[in-house]
Amino acid sequence: MAGLRNKKITPRQKMINLMYVVLMAMLAMNVSSDVLKGFSLVDESLNRTKENANSTNEAIYAEMEAAMKQNPEKVRQWYKKAQHVRSLCDSLYNLADELKWKIVREADGDDADIYNIDKRDNLEAATHVMLAPGVGQGKRLKEAIDQFREEILKMENDSVQREIFKSNLSTTIPPKAKNLGKNWQEYMFENTPVIAAVTILTKLQTDVKYAEGEILHELISNIDVKDVRVNQISAFVIPNAKTVVRGGRFSADIVMAAIDSTARPEIYVGNKLLEGSTGHYEMICTSTGEFNLNGYIVMKNGNGETIRREFSQPYTVVEPSATVSATLMNMLYAGYQNPISVSVPGVSVNKINLSMTNGSLTKQAPGKYIAVPSKVGEDVTFTVTAENEGRQQEMGKFTFHVRKLPDPTAYIQYTDPNGNVNRFKGGRLGKQTILAAKGIGAAIDDGLLDIPFRVIGFETRFVDNMGNVIPEVSSGADFTQRQKEVIRSLNRGKFFNITRVRVIGPDGIERTLPYALEVTVN
């Protein structure tokens, strides 16, 4: 580019250069504030879940400490295993916490606050911390997760929980992902906004606390609690659900802990004796609001003395409602397979059904769908129904706007000396690297989405020594022999433009990209 500063540039070339500057500005803003806000909300929710799980786990550790003091001979082996679990979990948890702080400080500086991130949309911080040659922490994190997963699986006997652990702690790239040869750490953290990287690591911490809790529950179940707790008798209400849809049933089991199976307690709801001895209570909920199930249990101890314990269980009755969310976007794209999630509070996803207008809907799993809208500009309406007391009940309707897929970004795909596949989107690139590339590609690639488009033609524009623009046309995605010959003749510092790129996306729409890809031979 420097070699052409004093040469006359045509008005058309000036326009191309101006379009390139505008493109760079657009790319700098390619992560919307709504997406960033969504990640922040998810991260806050995960942090709350993580802290709740941690509180529960600490309570189990405290319970095992007390049991160890009362009966060390019986509890010792389970206590030692629990301490080993704590050490394993703390190691991976603390590593994730360390990486979160490094990424945020890389973006915001030494005064960064992980709970109040300034540059949430920074795309370079996570890439540098996790993938920088020689010092990147991505490989270290992957190895730590793999080691933790294998150790935890050795302690879990339940096949269902083992599959959950494998899924939550997987470092395998999903088979359907367009990873373009990336390894796990590159797939997760390359060009990932700071807030997204922090959310990924918070999710890992939550999974660690979940695994820790499941193992601890299994360990403590091996301790006979009756031998270490014989002086505490309490009444409990175990509800089927604390939130009930209007018209549904509120169900609860009312029990007294540590009772003799031969002693049948009397259970009073309010002041009315509950018939039967199982303690199962059920009623129809006819109005919405906050309620309490109150009462008491009466039984006799071994000495014939009467013991009375009060109980109170709050529960909520709500109007029928549902939530529909676009998993990857806040609107739907015509002709594209939009992932959709649906849930209804208090209702199992296995009992939920979804239908839509203006398109087709394919069920992938309980609560998970693929929606393909038909027409741009015509809204899609989702209708949610759920099985409630043996009948189908409508839970709500939700409307989404439909637009066509935005224009993709053209790029030259090449492999670096380390064997990594990269996308060149403008700037300097070695001549041999350019010649080794077959041609160009195009995709919507903003760090969150990676939607490929098929290139069906493009034009290269070279500037000769007289300042004349020489166009060369390719009728496909590959460079023509003529284009390669001209590129081969360019000296270092010379440049050429790739323009009029014609593509077809997954929506079947052909379009010509309105900007040029400028390449300077290095």
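This is a short tour of the structure above, stop by stop, for you to follow in your viewer.

**Before you start**

The model is predicted, with local features needing pLDDT of at least 70 and side-chain atom pairs counting only at pLDDT 80 or more, while totals for chains, interfaces and linings use all residues. Residues are numbered from 1 along each chain as its sequence is written, and side-chain values use heavy atoms, with hydrogens and water left out.

**The whole protein**

Colour by secondary structure to begin. The protein has 10 helices and 26 strands; these are DSSP runs numbered from the N terminus, with helices being H or I of at least four residues and strands E of at least two. Of its 522 residues, 41% count as buried, where buried means under 20% relative accessible area, exposed over 50%, and partly exposed in between, using a 1.4 Å probe and protein chains only. Contact here means heavy atoms within 4.5 Å. Among contacts between residues at least 6 apart in sequence, 63% join residues at least 24 apart.

**Helix α8**

Select residues 194–220. Helix α8 has 27 residues and reaches 39 Å from first to last C-alpha, close to the 39 Å expected at 1.5 Å a residue; the expected span is 1.5 Å times one less than the number of residues. Is α8 mostly covered or mostly uncovered? Mostly covered, with 21 of its 27 residues buried.

Axes are lines fitted to C-alpha atoms, for helices over the stretch in contact, and angles run from 0 to 180 degrees between N-to-C directions. Nonpolar covers Ala, Val, Leu, Ile, Met, Phe, Trp, Tyr, Cys and Pro; charged covers Asp, Glu, Lys and Arg; the others, Gly among them, are polar.

Keep α3 and show residues 138–155, helix α5. These axes come within 11 Å and cross at roughly 160 degrees, so α3 and α5 are also roughly antiparallel. On the α3 side, pick H84, V85, L88, C89, L92, L95, E98 and L99; they meet R140, L141, A144, I145, F148, E151 and M155 in α5. The residues of this contact divide into 11 nonpolar, one polar and three charged.

**Two asparagines in loops**

Most residues other than glycine have a negative phi. N191 has a positive phi of about 55 degrees and is found in the loop between α7 (184–189) and α8. N358 also has a positive phi, near 55 degrees, in the loop between β12 (352–356) and β13 (359–365). N191 is partly exposed, at 42% relative accessible area, whereas N358 is buried, at 12%.

**Two strand residues**

Select K368 in strand β14 (residues 368–373). K368 is partly exposed, with a relative accessible area of 43%. Not counting residues up to four places away in sequence, K368 touches I340, S341, T362 and K363.

Finish at T520, in strand β26 (residues 517–521). T520 is buried, with a relative accessible area of 7%.

Definitions and conventions. Parallel < 35°, antiparallel > 145°, perpendicular 65-115°, else oblique.
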